[in-house]
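Please consider the predicted model shown below with its sequence.

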Amino acid sequence: LALLPRSGELLGVDNVGAVVLIFVGALPLAAAASFFSSALQNLAVLIMPAWMAHSVDSSRGVAAFGQRMLSSFALGLIFALALVPSALLVGAALFAQFRLGIPWSAWAFPAWGLLASIPPSVMGWVLLRFAAPLWDRLDPSEELLEIGR
């Protein structure tokens, strides 16, 4: 709470209420970002299984360190770029609110968080739809069923 203004209120709400509203607004975005990140990592494992292997032998040496560093950088860059549409969407909402003369209030934080969660949720769903056929091709249960025939 030390980072908030000393006047006791932030955008028309007391400091404690503002912290709660900021937290409530961040929850949907955090959930959507986590969903997108998980879908992205799972897709990376399906596309490049040898690069993303996590066996005992794969985690040794300078080559493994460089490989993990490249993978982390690529996934982080894609994740950062995926948050750009959320920022643009919330920025457009803030601009529209400003142009319409609607005063800003801390009560809008949950709505802005929900609005920001839409693009990562949609992109995560698209990644899952893209990964589903890859998973079907790599499904070991299908091979086991065919061996039993």
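Two packed helices are described by the angle between their axes and the distance between the axes. Axes are lines fitted to C-alpha atoms, for helices over the stretch in contact, and angles run from 0 to 180 degrees between N-to-C directions. Helices (H or I, at least four residues) and strands (E, at least two) are DSSP runs, numbered from the N terminus. The model is predicted, so local features need pLDDT of at least 70 and side-chain atom pairs count only at pLDDT 80 or more, while totals for chains, interfaces and linings use all residues. Residues are numbered from 1 along each chain as its sequence is written, and side-chain values use heavy atoms, with hydrogens and water left out.

The protein chain holds 6 helices and 2 strands. Read from the N terminus, its elements follow the order β-β-α-α-α-α-α-α.

The crossing of α3 and α4 is right-handed. A crossing is left-handed if the near helix is turned anticlockwise from the far one by less than a right angle, and right-handed if clockwise. On the α3 side, the contact (heavy atoms within 4.5 Å) is made by Ser86, Leu89, Val90, Ala93, Leu94 and Gln97, and on the α4 side by Trp112, Leu115 and Ala116. Sorted by class, this contact of α3 with α4 has 7 nonpolar, 2 polar and no charged residues. Here Ala, Val, Leu, Ile, Met, Phe, Trp, Tyr, Cys and Pro count as nonpolar, Asp, Glu, Lys and Arg as charged, and the others, Gly among them, as polar.

Buried means under 20% relative accessible area, exposed over 50%, and partly exposed in between (1.4 Å probe, protein chains only). Apart from neighbours within four places in sequence, Gln97 is in contact with Ile102, Pro103, Trp104 and Trp112.

The second pair is α1 with α5, whose axes come within 9 Å and cross at roughly 25°. That makes α1 roughly parallel to α5, and α1 passes α5 in a left-handed crossing. Among the residues that meet are Phe36, Leu43 and Leu46 in α1 and Leu127, Ala131 and Leu134 in α5. The contact of α1 with α5 has 20 nonpolar, 2 polar and no charged residues.

Which residues make up the largest nonpolar core? A nonpolar core is a set of buried Ala, Val, Leu, Ile, Met, Phe, Trp, Tyr and Cys residues joined through side-chain atoms within 4.5 Å. The largest one has 9 residues in all: Phe36, Ala39, Leu40, Leu43, Leu46, Ala82, Leu127, Ala131 and Leu134. Two or more residues come from each of α1 (15-47) and α5 (118-138), and α1 gives the most, with 5 residues. A second, separate core of 8 residues includes Val13, Val90, Trp112 and Ala116.

Finally, Ser117 has its place in the loop between α4 and α5. Ser117 is buried, with a relative accessible area of 8%. Not counting residues up to four places away in sequence, Ser117 touches Pro28, Leu29 and Ala32.

Technical notes:
Parallel < 35°, antiparallel > 145°, perpendicular 65-115°, else oblique.
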